[in-house]
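Please consider the sequence and the model shown below. The account that follows is meant to be read alongside them.

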Amino acid sequence: MSAAVAAGTLALAPTASAKAPNIAMGYDNNPHAVWCVQHLINDWAAKWHVDGYHSRPMAEDGIFGNWTDYWVRRAQDAWMGGDADGIVGPATGNHLIEGTQLTGDTYYGGAGHYCYYLIPTG
């Protein structure tokens, strides 16, 4: 019995091959995933003083609202040359997770770290 329980538990554990769903306004978002988006974009905005910000422009509340949508689109504009749709899919996720030079965050960003399992990458 314990082997069956252990096997079931292993099947539920996140793996590097697990594909996280897209994150956007109006989606059924995981609040932890939204927090990761907010946190990593805040890191980028503060590090590079985007739009004159020297601090973190968004509340990191796990709610994908208008201000989060604005900042996702703002980041997409900067990172992907104007292809801004407000959806954190694999292309935007790659910038957030793999682009640690953009955010400066190697604790939450980067392969295998906390946000890696919550933000879609491709």
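The paragraphs below treat the nonpolar core, a helix pair and the aromatic rings in turn.

This is a predicted model, in which local features need pLDDT of at least 70 and side-chain atom pairs count only at pLDDT 80 or more, while totals for chains, interfaces and linings use all residues. Residues are numbered from 1 along each chain as its sequence is written, and side-chain values use heavy atoms, with hydrogens and water left out.

In soluble globular proteins, nonpolar side chains tend to be buried together. Here the largest nonpolar core has 24 residues; such a core is a set of buried Ala, Val, Leu, Ile, Met, Phe, Trp, Tyr and Cys residues joined through side-chain atoms within 4.5 Å. Ile-23, Val-37, Ile-41, Trp-44, Leu-96 and Ile-119 have the most contacts inside this core. At least two of its residues come from each of α2 (31-48), α3 and α4, and α2 gives the largest share, eight residues. Helices here are DSSP runs (H or I, at least four residues), numbered from the N terminus.

Trp-44 also has contacts (heavy atoms within 4.5 Å) beyond its neighbours within four places in sequence: Val-50, Trp-71, Arg-74, Ala-75, Ala-78, Trp-79, Leu-102 and Thr-103.

Two packed helices are described by the angle between their axes and the distance between the axes. For α3 (residues 66-80) and α4 (residues 90-98), the angle is about 85 degrees and the axes are 11 Å apart; axes are lines fitted to C-alpha atoms over the stretch in contact, with angles running from 0 to 180 degrees between N-to-C directions. The two helices are therefore roughly perpendicular, a term that covers 65 to 115 degrees. Gln-76, Trp-79 and Met-80 of α3 meet Ala-91, Thr-92, His-95 and Leu-96 of α4.

The structure holds 10 aromatic pairs, in which rings of Phe, Tyr and Trp (its six-membered ring) have centres within 6.5 Å. In one of them, Tyr-70 and Trp-71 lie 5.5 Å centre to centre with 90 degrees between the planes, an edge-to-face arrangement (planes over 60 degrees apart). Tyr-70 is partly exposed at 35% relative accessible area, whereas Trp-71 is buried at 0%; buried means under 20%, exposed over 50% and partly exposed in between, with a 1.4 Å probe and protein chains only. Tyr-107 and Tyr-108 are also edge-to-face, because their planes stand at 85 degrees, with ring centres 4.9 Å apart. Tyr-107 is exposed at 63%, and Tyr-108 is partly exposed at 24%.

Technical notes:
Angles under 35 degrees count as roughly parallel, over 145 as roughly antiparallel, 65 to 115 as roughly perpendicular and the rest as oblique. Rings of Phe, Tyr and Trp (its six-membered ring) pair if their centres lie within 6.5 Å; planes under 30 degrees apart count as stacked, over 60 as edge-to-face and the rest as tilted.
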